[in-house]
Amino acid sequence: MSEFKQERAEILPYPLQRRLVRNLSIAAEAAGRADLMPLWAGQSASLSTCTEVSVFLNSLLEEVSEIAGPVVQWNEKRRHKKSKRL
């Protein structure tokens with residue numbers, strides 16, 4: 001990608017880029033070579049940042065914990081109400 005940026009090469013938009021590498025993807029999948037499969041990042045790829053895995057996993061755990069607490073409480077209340085009805 002660095003070389004493309006330096007030469008100011010234009011990258012094809014997604015549908016065309018997908019067509020370009022489709023046959024390579026089919027062959028890689030048939031050979032069981034996931035390392036040769038393209039991974040599409042989507043439009044928000046530019047929002048990603050490079051970080052250490054441990055930092056990323058810790059932040060992911062913190063964020064999931066913030067969400068999970070209220071979900072677990074809601075589920076417990078729901079179970080409690082359901083058991084009262086039975």
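Biologist: Which residues form the nonpolar patch on the surface, and what is their accessible area together?

Modeller: This is a predicted model, and local features are taken from it with pLDDT of at least 70. The nonpolar patch on the surface consists of Val53, Phe56, Leu57, Leu60 and Val64. Together these residues have an accessible area of about 450 Å².

Biologist: Is valine 53 buried or exposed?

Modeller: Valine 53 belongs to helix H3, which covers residues 53-85. Its relative accessible area is 59%. Exposed means over 50%, so valine 53 counts as exposed.

Biologist: How far apart are the centres of the positive and negative side chains?

Modeller: The chain carries 13 positive side chains and 10 negative ones.

Biologist: Which side chains meet in a salt bridge?

Modeller: Side chains of opposite charge can pair when their charged atoms come close. The structure holds one salt bridge, with an N to O distance of 2.7 Å. The cut-off for a salt bridge is 4 Å. The side chains that meet are those of aspartate 35 and arginine 33.

Biologist: Why does aspartate 35 count as exposed, and why is arginine 33 partly exposed?

Modeller: Exposed means over 50% relative accessible area, buried means under 20%, and partly exposed lies in between. Aspartate 35 counts as exposed because its relative accessibility is 58%. Arginine 33 is partly exposed because its relative accessible area is 38%.

Biologist: What is the distance in space between glycine 69 and serine 83?

Modeller: Glycine 69 is found in helix H3 and is partly exposed, with a relative accessible area of 30%. Along the sequence, glycine 69 and serine 83 are 14 residues apart. From C-alpha to C-alpha, the distance in space is 21 Å.

Biologist: Is serine 25 buried or exposed?

Modeller: Serine 25 lies in helix H2, residues 14-30. The limit for buried is under 20% relative accessible area. Serine 25 has 6%, so this residue is buried.

Biologist: How far is serine 25 from glycine 42 in space?

Modeller: The two residues are 17 residues apart in sequence. Taken from C-alpha to C-alpha, serine 25 and glycine 42 are separated by 17 Å.

Biologist: What separates the C-alpha atoms of isoleucine 26 and leucine 39?

Modeller: Isoleucine 26 also has its place in helix H2. Isoleucine 26 is partly exposed, with a relative accessible area of 43%. Isoleucine 26 and leucine 39 are 13 residues apart along the chain, and their C-alpha atoms are separated by 13 Å.

Biologist: What pattern does the chain follow along the sequence?

Modeller: The secondary structure comes to three helices and zero strands. Read along the sequence, the pattern is α-α-α.

Biologist: What radius of gyration does the chain have?

Modeller: The C-alpha atoms fill a box of roughly 65 × 30 × 25 Å along the principal axes. For a compact globule of 86 residues, the radius of gyration would be near 12 Å. The chain instead has 22 Å.

Biologist: What share of the residues count as buried?

Modeller: The accessible surface of the chain comes to about 8,600 Å², and carbon and sulfur atoms account for 57% of that surface. Of the 86 residues, the share that counts as buried is 5%.

Note on methods:
Residues numbered from 1 in each chain as written. Predicted model: local features only at pLDDT ≥ 70, side-chain atom pairs only at ≥ 80, totals over all residues. Heavy atoms only, no water. Helix = DSSP H or I, 4+ residues; strand = E, 2+ residues; numbered from the N terminus. Rg over C-alpha atoms; globule rule 2.2 N^0.38 Å. Buried < 20%, exposed > 50% of the residue type's maximum accessible area, 1.4 Å probe, protein only. Areas by Shrake-Rupley, 256 points an atom, 1.4 Å probe, with all protein chains shown as cover. Lys, Arg positive; Asp, Glu negative; His and termini not counted. Charge placed at Lys NZ, Arg CZ, Asp CG, Glu CD. Patch = residues over 30% accessible without salt bridge, like charges linked within 9 Å, V, L, I, M, F, W, Y side chains within 5 Å.
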